[in-house]
Structure formats: structure tokens, C-alpha cells
Amino acid sequence: MAVALSERTDKETQEQIVELVRQFTDEQILPNAEKYDHADEYPQDIVDGLKELGIFGATIPEEYGGLGLDLSTYTRIVVELARGWISIPGVVNTHFIGAYLLMRFGTEEQKQKYLPRMATGEITAAFSLSEPHAGSDVQAIKTTAKKVGDDYELNGAKMWLTNGLTSGLVFTLVVTDTEARPRYKGMTCFILEKEPGVSENTGQYAGLTIPPKIKKMGYKGVESTEMVLDGYKTSGEQILGGEEVGLNGGFKQMMDALEVGRVNVAARGVGLAQRALELALRYSQERETFGKPIAEHQMVQGHIADMAARLEGARLLTYQAAELKDEGKSSNLEAAMAKMVASEAGHANTEACLRLHGGYGYSKEYEVERLYRDAPLLLIGEGTSDIQRLNISKQLLKKYKI
Amino acid sequence: MKILVLVKEVPDAAVEKTIGADGRIDRSGEKTLNPSDTNALEAAVQLKEAGADVSEIVAVTVGPDSASRSLQGAVSRGADRSIHLSDAGLAGSDVVATGYALAELVKRENPELVLLGQQSDDAGCYAVGSVVGQFLGQPALSQVSKLELSGTTLTLERQAEYGYDTLEVTLPAVISVSDSANEPRYPSLKAIMGAKKKPVEKLDLAGAGIDAGKVGTAGSGVECKDFQAPAAKAAGTIITDEDTAATVEQIVAWLDSRKLV
């Protein structure tokens with residue numbers, strides 16, 4: 001079931017917000033992305049800037065101190081930020097998914113407890129499904145929460161937590177009923193509290209460890225980590241939606257949230273594809289071969305046309321998926337298509353851009369080198385393209401079953 | 001005290017500026033709040049933050065209906081309300097006519113301080129502040145890079161050819177703020193959304209009590225006849241660096257020939 005979470009944002013406000021985020025991207029992200037990327041350093045200054053703008057509260061309702069923007073506006077914000085560097089909306093995305101989970105499924109008490117502080121960015125959220133042996137195959141997860149006295153004790157290892165270290169909350173899917181069949185009916189989403197920035201948690205958070213961040217090809221600056229749960233204790237109140245409703249109901253909650261998460265990744269693909277086109281348009285008019293700018297060679301023109309068409313197709317699919325969700329309709333099929341097409345567009349456009357740059361594209365002196373390393377993240381995260389294909393065809397075959 | 005900030009909507013810097021057959025700048029295409037005016041708004045907000053007893057900041061613009069968007073941008077940057085003078089009779093106003101219209105709007109509000117950006121991105125005359133000051137009979141200071149307020153005394157630094165002058169002026173006054181005065185902050189998303197709810201007073205010439213004969217083409221002394229692009233700069237000399245010692249010699253010889261070393 002899908003429900004619209006916010007009032008529609010009017011077009012004029014949306015335009016003004018997008019314009020501001022574009023300016024912020026041009027002035028604060030693009031000139032600094034290479035520096036943070038090369039050092040694999042957390043872009044604290046940029047994140048502080050996002051907090052001042054109010055981006056962390058973008059989708060959180062006004063009554064909880066946020067701005068209550070609709071998903072369509074949020075999607076456009078992500079496109080603009082990703083145009084600068086996909087790691088930046090990466091910092092925001094898990095937070096946004098956490099906020100969505102709370103808004104959609106949290107008890108009033110849980111909303112009051114976390115949303116106002118999340119809206120200001122005082123605490124940020126991560127979320128966790130994957131484990132070392134299980135990614136898209138979510139039903140294979142093994143981490144458990146067992147009731148011990150009044151509390152739950154969590155044990156297991158989670159993998160690929162974006163913002164795993166810096167976050168103060170981790171929305172974590174675990175197995176609460178190992179006997180349940182199908183297995184997803186025995187899974188629960190816990191809101192785990194932890195100390196932001198601390199690897200080995202102690203005191204009330206003892207038993208939660210964030211090992212050193214994983215070294216990656218691209219998508220630098222924002223940390224991806226494991227999370228080891230070894231006797232971490234929490235109360236039933238930390239079950240998303242409350243113990244009564246949320247126990248063994250976590251799988252569906254997470255799948256709903258992934259739908260909007262996929263729109264976010266799609267939006268990042270659009271931003272990346274757009275930046276690649278911008279760089280290609282500029283470089284192809286500057287660089288000369290055989291006595292003229294390479295933009296005057298027809299084969300280069302062909303690449304540029306392909307890039308632009310891929311970009312705009314991806315953009316429309318992405319906006320459509322967001323639009324459906326805003327209207328309170330299911331966007332499961334469209335979000336899957338948007339995620340697949342936009343992430344592939346991001347990848348294809350950065351590759352085409354790299355080719356147009358020739359040897360310089362392979363040099364760290366040029367921005368496209370970073371784009372090319374960043375692009376594959378989008379092909380993988382929030383469900384690989386192949387998983388999206390399976391998802392899309394499964395839905396279609398079910399809908400049009402003869 | 002009340003601060004009025006005069007703002008203008010201008011063609012976006014990225015848009016190539018062209019002069020139409022009527023001798024006016026072609027204002028179609030992307031438009032934006034004049035960047036220099038954001039320095040004036042920031043200066044107003046900073047005076048308030050520094051503890052000055054500022055009761056309200058009012059953004060004022062003279063321009064077509066489309067300028068309401070930039071005016072709203074000004075409000076999101078810290079103004080409490082705005083005034084928009086729009087009238088077909090204003091088209092073709094030169095600096096003096098525009099300054100007169102602005103001065104009439106200022107008189108209606110009677111503020112202690114008027115701030116504005118020192119130049120507009122389009123015409124770039126650097127003169128509107130002085131004209132407004134003249135019509136108001138108030139001191140007008142341009143190129144101001146620093147402002148400090150104590151009671152009704154404004155201490156300010158003004159860029160000069162070498163270094164800067166430090167001046168004191170007793171309010172009321174009209175101050176053109178330079179772009180080195182501050183670094184305008186970004187409006188928050190919340191401020192953008194809130195700007196729509198702040199009051200905006202829309203006026204036409206009659207409503208504002210402005211003499212239509214003193215504005216527009218008829219009220220302007222400037223007559224635009226022909227525009228020429230500035231002469232292109234001569235191409236530079238390119239020295240190919242094959243032997244560094246020889247290259248350095250060539251550069252030194254070139255500098256020497258111009259008596260620069």
C-alpha cells in the first residue's frame with residue numbers, strides 16, 4: 001500500500017529551491033569534490049552547508065521541524081547535488097530513508113523522539129539490510145534479535161552501511177523468528193541507537209562495533225562500513241512501529257522504503273549523466289584534432305546526442321516514479337525502471353565522456369576520471385540492474401498473466 | 001530603525017547581453033537577483049545581527065511583473081516584507097528617472113538607512129545610489145566595504161584608489177555596498193518557502209504618487225542611439241618554450257622594452 005506523505009510542493013517554490021541547490025553545487029561542491037575524493041575524506045564543510053540549507057529536514061513534515069517537501073522536489077535536489085558529486089546525496093540518502101521509515105511506520109512516540117533532531121541534522125540515520133553473504137537476497141540474512149527478559153539481544157554481522165560510522169541511528173533488519181516460512185515473515189526492523197563517529201560503542205550501546213571503513217574504487221568521502229552486533233541490547237520500544245505492530249513486520253517496511261531509496265539512486269544517476277554531458281559538451285568544443293574542434297567531427301556528435309537522449313530519458317523515468325509516489329500510488333515498477341535506466345545512463349555517459357577526453361580522461365587532472373570511478377556504485381547499490389530486471393519482468397508477467 | 005534595501009532583477013550573468021532595436025537591453029531569457037544586491041541584503045542582516053535596533057528590513061524594487069521572483073529571492077535573504085513598483089510607464093527609464101522613482105518609494109517608508117548594491121549586473125552604471133541620495137537630500141556613499149552602526153552614526157570604509165577611506169555619516173543616508181563588504185550566505189530552504197508568506201505591496205505609478213512625466217522614456221534625459229562593442233584587445237605574443245634560458249631572455253627583453261623591469 002502506498003500513501004502520499006506530504007502535500008505537493010508548489011512549482012514555484014520547487015524551482016527556487018532547485019535553483020539554490022544548483023548554486024550551492026556550483027560554488028561549494030564542484031570546486032571541492034576532487035580534493036575530498038583524492039584524500040577519501042569526509043566532506044564535513046559541505047555537509048555542514050547542507051545542514052544550514054536545511055536539506056536534512058527536506059522531506060520531514062513541518063510539525064516535526066522539517067520542510068515537508070514532496071518526493072518530486074527532493075528528487076530534483078538529489079539530481080543537483082549528484083551533478084556535483086554523488087557522495088553528497090549519499091550522505092543524505094540513508095538519512096532520508098530512515099526519516100521515511102519513521103514517517104511511514106513509526107509510532108508517534110518514535111517520531112517525536114527522532115524526527116525533530118533528524119530535521120536539523122543533529123542526528124543522522126543509516127539503514128542496514130545487507131550482510132556479508134546476502135545483498136539483494138534479503139531473505140537470507142542471519143543476524144538475529146532474541147528476546148532476553150524484557151530486552152532484545154542482537155547478534156550478527158551487517159555489511160555495506162553507508163554512513164555507518166557518522167550516523168547516530170541505524171534502521172536495521174534482523175531475524176526475530178527463525179522458524180517463520182517464508183522467512184521474510186520473521187523479520188523485524190529495529191531502530192538502533194549508537195554513538196556517532198565511534199567505532200567501538202560502550203555503555204548502553206555496548207556490543208555494537210563499526211570496523212574501519214571499506215576502501216572503495218569510487219564513491220569516496222562518504223564511508224561504507226560493516227556493523228558487528230555482539231550482544232547489543234535494546235528494548236522492544238526500538239522496534240519500528242512498536243513491538244505489537246512492528247515485530248516480524250520489518251521486511252515489508254524496508255521494501256517500501258527501498259522504493260523511495262531507488263528513486264534517490266536513480267536521481268543520482270541523472271545528476272551524474274548530466275555532469276558527464278556538460279563536461280563532454282565543453283571539452284569537445286575546446287579540444288582540436290585534425291584542424292578543428294572535435295565537436296565538429298560527426299562521430300563525436302553522435303556520442304553527444306546519445307548522451308543527451310539517455311540523460312533525458314532517465315530524467316523523465318525518475319521524475320515519473322517520484323510523481324507516482326507523491327500521488328500516493330505504488331511506484332514499485334516505475335522506481336525499478338528508473339533505477340535501472342538512470343544508473344546505466346550515468347555509467348554509459350561517464351564512459352562516453354571519458355572516451356571523448358582521450359588520454360586526458362584517464363588523468364586525475366580531469367573531473368571525468370572521478371565520475372568514471374563513481375558511476376559503478378549506482379549500478380550496484382539499492383539492487384543491481386539485473387535484480388531490477390528480474391523485478392520489472394516479474395511484475396509485468398504477474399500483471400499480464402494469461 | 002528601518003532599513004530599505006533597493007534591489008533589481010537583471011539578466012543572468014551567463015546570458016549574452018544584447019541591445020535591442022529600441023536601444024534597450026534585451027531582458028528576455030534567464031533572470032536573477034542582481035548579485036551585488038545580495039551584498040546589500042547581507043549587510044542589512046549583519047547590522048541586525050550585530051545588535052543594531054533594526055525593526056524591519058524592507059526590499060524594494062522597480063521593474064516589470066516578472067521581477068517579483070527576484071524580489072521574493074531578496075525576501076528569502078532576510079527582508080521582512082517587500083514593495084514592488086511596476087508600471088508600463090516606467091519602461092525606458094534612465095538612471096536619473098529610476099533613481100527618482102526609487103526615491104519616491106523611499107519617502108513613503110521614511111527609513112533611517114537605505115542600502116543597495118553598488119552596481120547592477122546589466123547596465124553597470126554605479127550611480128543609482130547617488131541619484132537616490134540627491135533626490136532625498138541625504139548623504140550618499142558608494143563603494144562601501146565595511147559598515148558599523150552606533151546609534152545614528154554609521155562608520156564605514158570606502159574603497160579608494162589606494163587603500164580605503166574611513167568615514168562617519170549621520171543617518172539617514174544612502175549607502176551603495178561593494179561586493180567585498182561581505183560574503184552573502186545562502187538562504188535556507190525554509191527561508192525560501194517562508195518568503196512567499198511575507199507581505200508584498202504592489203504599486204503602480206499612480207498608487208505610489210509618482211509623476212509619470214519624470215519616468216520612462218519621456219522622463220529620461222539619456223537618449224540611446226548607437227552601441228559599439230569595446231575594441232578587441234590585440235593578440236598577445238606567444239613564446240614557445242624550447243630552450244628555457246632563451247625563453248627567459250626573450251621575456252626579460254620584452255619586459256625591458258616596456259620599461260617594466
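**Ground rules.** The model is predicted, so I keep to its limits: local features need pLDDT of at least 70, side-chain atom pairs count only at pLDDT 80 or more, and totals for chains, interfaces and linings use all residues. Residues are numbered from 1 along each chain as its sequence is written, chains are lettered from A in the order in which they are written, and side-chain values use heavy atoms, with hydrogens and water left out.

**Domains of chain A.** I looked up the division of chain A: domain 1 is 11–124, domain 2 is 126–251 and domain 3 is 252–399. The bounds come from an automatic or database domain assignment. I find the C-alpha centres of domains 1 and 2 of chain A 23 Å apart. Their contact (heavy atoms within 4.5 Å) takes 24 residues from domain 1 and 23 residues from domain 2. About 2,000 Å² is buried between them, 60% of it from carbon and sulfur atoms. Buried area here is the accessible area (1.4 Å probe) that two parts lose on being put together, summed over both. On the domain 1 side, A:Asp40, A:Thr94 and A:Thr124 supply 28% of the buried area, more than any other three residues.

**Chain B against chain A.** I count 11 residues from chain B and 18 residues from chain A in this contact. The buried area is about 1,500 Å², with 56% from carbon and sulfur atoms. In chain B, B:Arg69, B:Tyr186 and B:Leu189 lose the most area to chain A, together 49% of what that side buries.

**Helices α10 and α11 of chain A.** I checked α10(A) (332–357) against α11(A) (367–380): the angle is about 160° and the axes are 9 Å apart. That makes the pair roughly antiparallel (over 145 degrees). Helices are DSSP runs of H or I, at least four residues; strands are runs of E, at least two. Among the residues that meet are A:His347 and A:Leu354 in α10(A), and A:Leu371 and A:Tyr372 in α11(A).

Most residues other than glycine have a negative phi, and most peptide bonds are trans. I noted the exceptions below.

- A:Arg181 and A:Pro182 are joined by a cis peptide bond, omega about -10°. A:Pro182 sits in the loop between β4 (169–175) and β5 (187–193) of chain A.
- B:Leu171 to B:Pro172 is also cis, with omega near 5°. B:Pro172 is in the loop between β9 (164–170) and β10 (173–177) of chain B.
- A:Asn163 has a positive phi, near 65°. I place A:Asn163 in the loop between β3 (151–162) and β4 of chain A.

Technical notes
Axes fitted to C-alpha atoms, helices over the stretch in contact; angles between N-to-C directions. Parallel < 35°, antiparallel > 145°, perpendicular 65-115°, else oblique.
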